[in-house]
Amino acid sequence: MKLTKGIKSTLILLMTSAFILGGCQSVAPPSTSDPQVTQNVPPGDKETEPQTDAKATPRNETLYINGLQWGAPTNFNLLSGNPAFPINYGNSRELVYETLFMINQLNGDLEPLLGTKYEWTDEKTLQIDLNTDAKWSDGTPFTSEDVVYTYELGKKYDINWSNFWTYISEVKAASPESVTITLNPDNPNKLAVLDSIEMIPMLPKHIWDEIEKKANGDLSTIRKEVNDAPVGTGPYKMYFYNDQKITIVRDDNYWGQKLFGKLPAPKYITHVIYKDNAAGDLAFKSGQVDVSQQFIPQVMNMWKDGAPVKTFLKDAPYYVPGSMPSIFFNLTKEGLDNADVRRAIAMAIDYNKISELAISGYSATMEPSLTLNTAAESKYVDQDAIKSLQWTTDVDAANKLLDSIGAKKGKDGIRVLNGQRLGPYEIECPYGWSDWNAALEIVAQNSKAIGIEIRTKFPEAPVWTNDLQTGKFDIIMNTPAGGVSPSQPWSRAMTIMYSEGVAPMGEMAFWNWGRYKNERADEIIEKIPTLSDEAEIKALYTELTEIWLKDIPSIPLMYRPWVFHTVNESVWKGFPAEGDGSNIPPQIVMDGAGIRALYEIHN
């Protein structure tokens, strides 16, 4: 099996999602040139603070959030590619348009929602049973026809979930209460299909079929539909919006009362549109915001100052990791093409200092692996088998390693290996991404201690993107397919290591930017998504991780939260926390299984 057909769109989606949700900047709202997220860009030099008196709602009935919307909303249309909160594709699912299943960040499980059960009836067919209680907010029953219709929109148009059709040949209504998804026999990928059932928000056929007809099937016309009164299956409906806030109201006829046992506690959820992180942080600290999805520097100072602020983890690193921003080596560069040189750099890096200075201590102790150090991912690798290959910060050992391969220091303290001076090498990431900038400064400083000269380079983001994709770099930083999904850690490994279909240096590559090549790694990456046997999958992930630890085509610098789930309990209490026994993940109370928090919080 080859994975290259259509893989470009899949990886672009994964990479841009990392920026949208995980963020790359620590002191400003997320910014990206990706057209899917232009509504998440700050509105500019707007001097006035948001006014929230229009359509005011009782404070004790309203949950206030921030960090998901940075500009005035223009539409609530999932097919536009740029919908406002709460219709965003990938960070507020389940509020209005629900998915079939809910991903739980804590364990990786897919929990029932519109779907009650899924199983592989054979190697190519996934059967999904639907919840017969489910209804659209206009009272129309939710059926398998809606599921088929929603999936096929991605086949018909170039929209957010079109990439899944790379791996799917058919989505069929087996009955009104069940659906079958058949894998593409030429490109089967079970992991991608499981991603689809927790990622794609379901749309009502009886509404959108009419919109399509009115637009004569023209996507550009369909995208002009504002859809400011969306009909969804979720527990909330649109209530009010302007350029300063968006408010949704609970649907007291919500079908999910049977599933969850009751209605969500907040009658209203309001997202105030702040001009920048500083304004949002101030409102959060003062209790005007209940749930924040913003990077807050030194969040521990808020509770030290007496604010009733909490993170999911009581102690450092405070947040559950969701991605691993990493540095990638250009493996065609002399010196950097030597795995021992790359290992020495990895051993010289002070990861604790990066965590402390670059990301306020929000990164746990680095345990190098293709998997995150979470229960959801670490289960895929035999941790004892890889332990001897994992590096730690050890400058003395790094120097001894370089000595052992004959890399001798010159008069200037920089080593020479096989006649090649080890530096200066440039290490780059975009200007203004302050946490990444700080991390790379530390890498450069640490490398001097082992006789390797590395200089930082911080171009504008478009230049960095071009350098990344064309291979015009020595060492470069990026996030390899971060996120919470059934396809992790496979997507991350593929982004780092898969060589099939990767253009040579000088041409555009959308994954494997360092042009790493290992035939066995390619074989494993192609095989994993076709398997069901857990023991076999674990054995292959372990072998793949061992290859990565030996060859070191990339070095993770930090663990970064997928979302910054921080809460202020001035008004609402009972948010999920580690060890509370609820198994509710810190997914900002509105995405995936994090939605269950809305049923537990109280005044």
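**Labels and their cut-offs**

Guide: The place of Asn583 is in the segment after β23 (566-568); helices (H or I, at least four residues) and strands (E, at least two) are DSSP runs, numbered from the N terminus. This is a predicted model, in which local features need pLDDT of at least 70 and side-chain atom pairs count only at pLDDT 80 or more, while totals for chains, interfaces and linings use all residues. Residues are numbered from 1 along each chain as its sequence is written, and side-chain values use heavy atoms, with hydrogens and water left out.

Visitor: What makes Asn583 partly exposed?

Guide: The relative accessible area of Asn583 is 34%, and buried means under 20%, exposed over 50% and partly exposed in between, with a 1.4 Å probe and protein chains only. Asn583 is therefore partly exposed. Its phi is near 60°, a positive value in a residue other than glycine.

Visitor: Why is Asn418 called exposed?

Guide: Because its relative accessible area is 73%, which is over 50%, Asn418 counts as exposed. Asn418 is found in the loop between β16 (415-417) and β17 (420-421), and its phi, near 50°, is positive although the residue is not glycine.

Visitor: And how do you know that Trp433 is buried?

Guide: Trp433 has a relative accessible area of 6%, which is under 20%, so Trp433 is buried. Trp433 is found in the loop between β18 (425-428) and α14 (434-448). The C-alpha atoms of Trp433 and Pro201, which are 232 residues apart along the chain, are separated by 31 Å.

Visitor: What makes the pairing of the Ser554 and Trp548 side chains a polar contact?

Guide: The contact joining the side chains of Ser554 and Trp548 is 3.0 Å, and a polar contact is a pair of N or O atoms within 3.5 Å; within protein, one atom must be able to donate a hydrogen and the other to accept it, and residues adjacent in sequence count only if both atoms are side-chain atoms. At the start of α9, a side-chain oxygen of Asn338 reaches to within 2.8 Å of the backbone nitrogen of Asp340.

Visitor: What makes helix α9 (residues 339-348) mostly covered?

Guide: Eight of the ten residues of α9 are buried, among them Val341, Arg342, Arg343 and Ile345.

Visitor: Which residues have the most contacts inside the largest nonpolar core?

Guide: A nonpolar core is a set of buried Ala, Val, Leu, Ile, Met, Phe, Trp, Tyr and Cys residues joined through side-chain atoms within 4.5 Å. The largest one has 97 residues, and Ile327, Met497, Ile555 and Leu557 have the most contacts inside it. Helix α18 (residues 534-551) gives the most to this core, with seven residues. A second, separate core of 80 residues includes Leu63, Leu79, Phe101 and Ile200.

Visitor: Why is α17 described as it is relative to α18?

Guide: Helix α17 (residues 519-527) and α18 pack at an angle of about 150°, with their axes 10 Å apart. Angles under 35 degrees count as roughly parallel, over 145 as roughly antiparallel, 65 to 115 as roughly perpendicular and the rest as oblique, so α17 is roughly antiparallel to α18. The axes are lines fitted to C-alpha atoms, for helices over the stretch in contact, and angles run from 0 to 180 degrees between N-to-C directions. Among the residues that meet are Ala521 and Ile525 in α17 and Leu540 and Leu544 in α18.

Visitor: What about helix α16 (residues 490-497) and α17?

Guide: These two helices pack at an angle of about 150°, with their axes 10 Å apart, and α16 and α17 are therefore roughly antiparallel to each other. Trp490, Ala493, Met494 and Met497 in α16 meet Ala521, Asp522 and Ile525 in α17.

Visitor: Where are the cis peptide bonds that involve Pro86 and Pro317?

Guide: One joins Phe85 and Pro86, with omega about 5°, and Pro86 is found in the loop between β1 (62-66) and β2 (101-103). Another joins Ala316 and Pro317, with omega about 15°, and Pro317 is found in the loop between β12 (309-311) and β13 (321-323).

Conventions. Contact means heavy atoms within 4.5 Å.
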